[in-house]
Amino acid sequence: LRFNRSSEQVHDEFINVPHDALLRVSEDLVTGISFFMRFRMLSLAEDGGEPATLFEKTDTDPITDGIRVCVTSDGKLQVSYRNESIAYARETTAGTITTNTVYDLWITFNKTGNVVKVYVNNVEKSLSVISQLGWHADQTNFDMTIMTMRLGTSAGPLYEDLYDFRIYTEQAVSAAQVGFHFT
């Protein structure tokens with residue numbers, strides 16, 4: 001899927017998954033959760049001062065459970081993840097994501113040890129601590145958005161391709177499993 005190509009829909013194309021159609025990010029996790037996304041960025045430009053949000057999902061107001069994954073204009077991949085009292089905000093080095101390259105992104109949360117790992121094209125990335133990424137403006141909206149800026153802001157859409165997006169509940173994918181899909 002190509003989002004926000006030059007068309008009359010240029011500011012309207014993104015995916016919205018209603019809250020009741022999707023398990024919660026924190027849905028009483030015992031083992032953990034993994035997210036997989038295959039995508040290509042066609043632009044890294046910020047819009048309205050916002051980095052490109054690949055996907056975002058929150059479960060509570062105020063936000064105690066949620067995930068937001070962004071790409072900055074210099075190609076850093078940023079992940080904010082909250083699960084009850086555990087909060088992670090990490091980023092990769094600049095240049096991790098570039099334009100016109102297809103990426104396989106795995107983000108895993110293992111509840112044993114409360115560990116978040118990020119793999120880009122099957123390589124685990126070193127992560128630096130950052131402050132929590134801001135969440136979308138309407139904190140009572142628990143829908144998941146994919147391929148847009150922050151829901152409820154004036155920031156516009158992304159220009160990119162989406163090839164695959166999957167969520168694996170109760171599967172904290174290990175380094176040896178990255179690169180494979182599971183059922």
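Tutor: Before we start, buried means under 20% relative accessible area, exposed over 50%, and partly exposed in between (1.4 Å probe, protein chains only). This is a predicted model, where local features need pLDDT of at least 70, side-chain atom pairs count only at pLDDT 80 or more, and totals for chains, interfaces and linings use all residues. Residues are numbered from 1 along each chain as its sequence is written, and side-chain values use heavy atoms, with hydrogens and water left out.

Student: Okay, are Trp106 and Tyr168 buried or exposed?

Tutor: Their rings pair up, since a pair needs centres within 6.5 Å (planes under 30 degrees apart count as stacked, over 60 as edge-to-face, the rest as tilted). As for accessibility, both Trp106 and Tyr168 are buried.

Student: What kind of aromatic pair do Phe35 and Phe55 form?

Tutor: A search of the whole structure turns up six aromatic pairs. For Phe35 and Phe55, the centres sit 5.4 Å apart with 35° between the planes, so by the cut-offs the pair is tilted.

Student: How many residues apart in sequence are the parts that this pair ties together?

Tutor: Strands here are DSSP runs of E, at least two residues, numbered from the N terminus. Phe35 lies in strand β3 (residues 32-41) and Phe55 in strand β4 (residues 52-58), so the parts tied together are 20 residues apart.

Student: Which residue stands opposite Arg90 in the pairing of β6 with β7?

Tutor: Two strands pair if DSSP finds at least two bridges between them. Strands β6 (residues 77-83) and β7 (residues 86-91) run antiparallel, joined by six bridges. Opposite Arg90 stands Val79.

Key. Helices (H or I, at least four residues) and strands (E, at least two) are DSSP runs, numbered from the N terminus.
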